[in-house]
Amino acid sequence: MTFLSQSHECQGWRGEMSERIRAFDWSATELGPLHGWSQSLRNAVQLILGSPVPLVVLWGRPGYMIYNDAYSVFAGGRHPYLLGTPVELGWPEVAEFNRNVVDTCLAGGTLSYRNKELVLLRHGKPEDVWMDLSYSPVPGDDGAPAGVMAIVVETTAQMISERRRQQAEAAFREANERLHLALNSGAVLGLFVWDIEANLLSGDARFARTFFLPVEQTAHGLPNEMATEMIHPDDLEQLNHKVEETIARGVPFKSEYRIHQPDGSYLWVLASGRCEFDEEGKPLRFPGVLIDIHERKIAEEKLLQLTHHLEQRVATEMQARSAAEEQLRQSQKLEAIGGLTGGVAHDFNNMLQVIAGNLHLLARLEQGNERAQRYVQTALGAVDRGAKLSSQLLSFARRQQLQPTLCDPLRIYQGLGELFQRALGETIHLDVQLPQDSWPIHVDRNQLENALLNLAINARDAMQGEGTIRIGGDNVQLDEAFCAGKQIAPGDYVCLSVCDNGIGMTPEVLEHAFEPFFTTKPEGHGTGLGLSMVFGFVKQSGGHTEIVSEHGVGSTVQMYFPRSGHAVAEEEAQPPAEHSQAGGETILVVEDDAGVRATAVELLQQLGYRVLTAANGDLARQMLDDGARIDLIFSDVVMPGRTKSNDLATWARQQTPAIPLLFTSGFTRDIISRNQQLSADTHLLSKPYTPQALESMLRAVLAGAAAG
C-alpha cells in the first residue's frame, strides 16, 4: 500500500489534533511512520478524533499516547508534549498507576474508576484532580490486545462543590446542635426582635423575665427604653455604639452587658443578632438572642484579679530581690574595704607603739626638762589621735576586740546622759524615748556608748549645733522580707535610733555614708570614720545598721541588735582592784617587730621586771623547751613561723602551775578570738599602749594567776 493511499485513508481525521498527528514524526517511535500503521490503530485514532469526550489511546507496551482535542484541554500545560510520549514518561507522578493500566488491558482486562483522586502536575505545580476513568483493550489486526482505549472525564469541579456543600451542611448541623444545646441547657435567656421604625421591642417569655418586663405586653411589643433602663449605666455607651455600627455597616451584632437584678446585683448577658434591611437598604428589624454569660464573666474577673495580684507579687519579689542584691553588693564592698583597713591598722599600730614607747622613755629621762616634757606631751597627743583613728578603722573592719556583756539599753543611757549633754552643748535638746521594758542585748557596752555618742555628734553637726536630737528604742520583730540581703536572721531585735531634723542626705551621699573617710563636712572638721565605726561595731555584734534620710528634712540612724535570751542582773558596785607592785618577775617578750620589741623590753625593765626576748613563736618555744624559767609570756598575736601565738597559749595553760599569758596586738585577725570577742581567760593589751596601761595589765594578769 502506497503512502498516498495511506494518507487518503486518514483524510477523515478532523480537528487540531488530527493535524498534529499527521505532522508528528512517528518514525522516532516504535509505531513507525504513519503510512505503516496497522488498520486497527488507524480505526482507534479515527474513533477518538470524532468524539467530544476526552479520549486517549495508549499503544503498545510503552503506551504511546495519541489523544483528541478534548483530552488536550484536560492535559493543560502538558499538551502537546504528551503526543507520542510513553504514558509513564508523560505522567511521571502517576507512572505506577498507568503501568498497571497498560499491563491489565494488554492482558485482556478492563478497569473503571469513579471520581478517582490523583495528584497531577498539569501546570507545573501539584493539584488534586478527580476523574471518572474507563480503560479497555484495543485489539490489533491479529485480534490480540495491542493498545488501551482510555476515557477520561474530569469531575474536579463537581467534587469540590460537593465537598463545600457537605462542609456547609456539617457547619449548619453543628451550629444547630449548639443552639439546641444552649436552649436545652438554659444558657439562652430569650429571643427578641426590635422593630426599628416603630421603636418597639418584643420578645419571648424568657426575655421578658430576664428584664423583669410584663410577659404578655413584651410579646406584642414595648418601648425600647423600658429594657435599656435595666442595663448598667457603664455598659450603655458601648452597647449603643455596637447597635449603630450594625445598622450602619450591616455587620453582625454582639455585645456583653449587665442587667440590674431586684437584689441590687447585676447579671452578665451576651446579646447577639443582626439587622434586616429592605430592598432599598433601609433598616427594618433587629432580631437577636440573649445568652447567660454570668458565670464566665465572674470567672474572668477572678482570673483577672488573680493575674493582677500575681503581677504585684512578682513586682514586689523583683523589687525585694533587687534591694537584696544591692545590699549584698554594698556589704561585699564594705567587707573588701574592711580587710584593707584592718591590715593598714596593724602596721600603723606597731609604728605608733614604737613612737609612743620611746616618747614615754624620753619623758622619764628628761623629767626635769620642762621644754622637753612639753614636746613629748604634744607628740603623745598626736599618738593618741592616731591610736583613735586606728581604733575607728578596726571598728569599721570588725577587727576590734569586743568584750560583750548583757546590757539593758535604758541603763546605758542613764549612765551617759550628763556626758551627752556636755559633748553636745547647751543649744541641743535631747529627747530620750527608751522603753522601760526593753529586751536585753549582748554587746560591748563601751563600744555601744561610743556609737551612740558618735551618732549624736553627727546629728548635732547636721543641725548646725541647734535643735532636738531624739534617741529612741523599740523591741521589734524582723521578718524574712526585711532581713533579705542584710546578713541577719529573722527574729527579735532591739532597735536603737538617733534622729535629727538637720540637712539630711541626698541619695548619692546616702550610698557612700558607711564608707571610711567619706564625709561631707569641711576639711579639718571630721575624719569620715564615725558612721564607719558604728557600722562595723553593729555588724560585729551580729546586728544591722540602716539610715533613713531625706535631703532637707533630716536623718535617722537605726541600729538593730539581736535580743539576748538571758536576763540582765542587777548592777553591783565593784571595789577598785588593788594590784601589787612589780616584784622582779621574769617576763618573756615574743615580738617579731624589732622596734616594738626593743621599746617593750626597755619599758618592762624600767618597771622592775627581768626580761627575756624571742623574735617569733618558734624561738620562744625552743627557749621554753630548753627550761627557761618565766613568770609570764608577753606575746604579739600575729607573728611569722610555725608556732603561732595560740600555740604558745595552749602550751602555757598545760604547765603546772599554768603560766599566765598577756597578748598584745594592733590587729588580731581572729587568731585568739571568735569574731573578735575574747574569752574570759584571754587577756589582750591593744597597741599602742602606755607604760601605765602595760603595768596595770601585767599586775592584773599576774594577780589573777596567783589567785587561781
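Leaving out neighbours within four places in sequence, Leu-236 is in contact with Thr-228 and Ile-231, where contact means heavy atoms within 4.5 Å. This is a predicted model, in which local features need pLDDT of at least 70 and side-chain atom pairs count only at pLDDT 80 or more, while totals for chains, interfaces and linings use all residues. Residues are numbered from 1 along each chain as its sequence is written, and side-chain values use heavy atoms, with hydrogens and water left out.

Leu-236 belongs to helix H11, residues 233-249; helices (H or I, at least four residues) and strands (E, at least two) are DSSP runs numbered from the N terminus. Its relative accessible area is 25%, so Leu-236 is partly exposed. The classes are buried under 20%, exposed over 50% and partly exposed in between, with a 1.4 Å probe and protein chains only.

Now the aromatic residues. Rings of Phe, Tyr and Trp (its six-membered ring) pair if their centres lie within 6.5 Å; planes under 30 degrees apart are stacked, over 60 edge-to-face, the rest tilted. That rule gives 14 aromatic pairs. Phe-97 and Tyr-135 make an edge-to-face pair, at 6.3 Å centre to centre and 65° between the planes. Phe-97 is in helix H6 and Tyr-135 in strand S4, 38 residues apart. Tyr-135 is buried, because its relative accessible area is 5%. Tyr-113 also pairs edge-to-face with Tyr-135, at 6.5 Å and 75°. Here Tyr-113 comes from strand S3, 22 residues from Tyr-135.

Last, Tyr-67, Tyr-71, Phe-74 and Trp-91 form one aromatic cluster.
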